[in-house]
Amino acid sequence: MDREVLDVVDELFRRRLQVPELDPDTPLVDYGLDSVRSIDLIVEMESLFDVQVSDGQAASMRTLRDVVEQVTASMRMRVGNEVGAT
């Protein structure tokens, strides 16, 4: 798991969910994540990391670990596309 992405995502989710600590493997709904906050968080992450997260990808992100892995994969894909385009 990418530590830098984890640190940013962890801080973002803790702030938005108003919890002092998140376990990377606990379902985010256990912390009170609902569909409205989920959408807000995805939009903010897309902006912060300059990535796109599809509805299907978002639906599969159930834990903090899932979120970090998806963001990291999306960042790799973006960089790969940029390298391939040059």
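In which loop is D50 found? D50 is found in the loop between α2 and α3, the latter spanning residues 55-60. The model is predicted. The protein has 4 helices and 0 strands, and its elements run α-α-α-α from the N terminus on.

**Overall dimensions**

- The radius of gyration of the protein is 13 Å, which agrees with the value near 12 Å that a compact globule of 86 residues would have.
- Along the principal axes, the C-alpha trace spans about 45 × 25 × 20 Å.
- Among contacts with a separation of 6 or more, 61% are between residues 24 or more positions apart.

**Surface and burial**

- The accessible surface of the protein is about 5400 Å².
- Carbon and sulfur atoms hold 50% of that accessible surface.
- Of the 86 residues in the protein, 34% are buried.

**Largest pocket**

- The largest pocket holds about 200 Å³ of space.
- It is lined by 15 residues, and those closest to its centre are L28, L33, S38, M61 and R62.
- Helix α2, residues 35-49, supplies the largest share of this lining, with 5 residues.
- By residue class, the lining of the largest pocket has 11 nonpolar, 2 polar and 2 charged residues.

**Loop between α1 and α2**

- G32 is placed in the loop between α1, which covers residues 3-17, and α2.
- G32 counts as partly exposed because its relative accessibility is 32%, a value that falls between the 20% limit for buried and the 50% limit for exposed.
- Leaving aside residues up to four places away in sequence, G32 touches L17 and R37.
- G32 and V19 are 13 residues apart along the chain, and their C-alpha atoms are separated by 9.5 Å.
- Q18 also has its place in the loop between α1 and α2.
- Q18 is exposed, because its relative accessible area is 70% and exposed means over 50%.

**Backbone angles**

- Most residues other than glycine have a negative phi.
- Q18 has a positive phi, near 55 degrees, and is a residue other than glycine.
- D50 is not a glycine either, and its phi is positive at about 55 degrees.
- Each of these two residues sits in a loop: Q18 in the one between α1 and α2, and D50 in the one between α2 and α3.

Key. Residues numbered from 1 in each chain as written. Predicted model: local features only at pLDDT ≥ 70, side-chain atom pairs only at ≥ 80, totals over all residues. Heavy atoms only, no water. 1 Å grid on protein atoms, 1.4 Å probe; cavity = no way out; pocket = protein on both sides within 12 Å on 5 of 7 lines; lining within 4 Å. Points joined across faces, edges and corners; volume = space filled by probe spheres on them. Nonpolar A, V, L, I, M, F, W, Y, C, P; charged D, E, K, R; others polar. Rg over C-alpha atoms; globule rule 2.2 N^0.38 Å. Buried < 20%, exposed > 50% of the residue type's maximum accessible area, 1.4 Å probe, protein only. Contact = heavy atoms within 4.5 Å. Areas by Shrake-Rupley, 256 points an atom, 1.4 Å probe, with all protein chains shown as cover.
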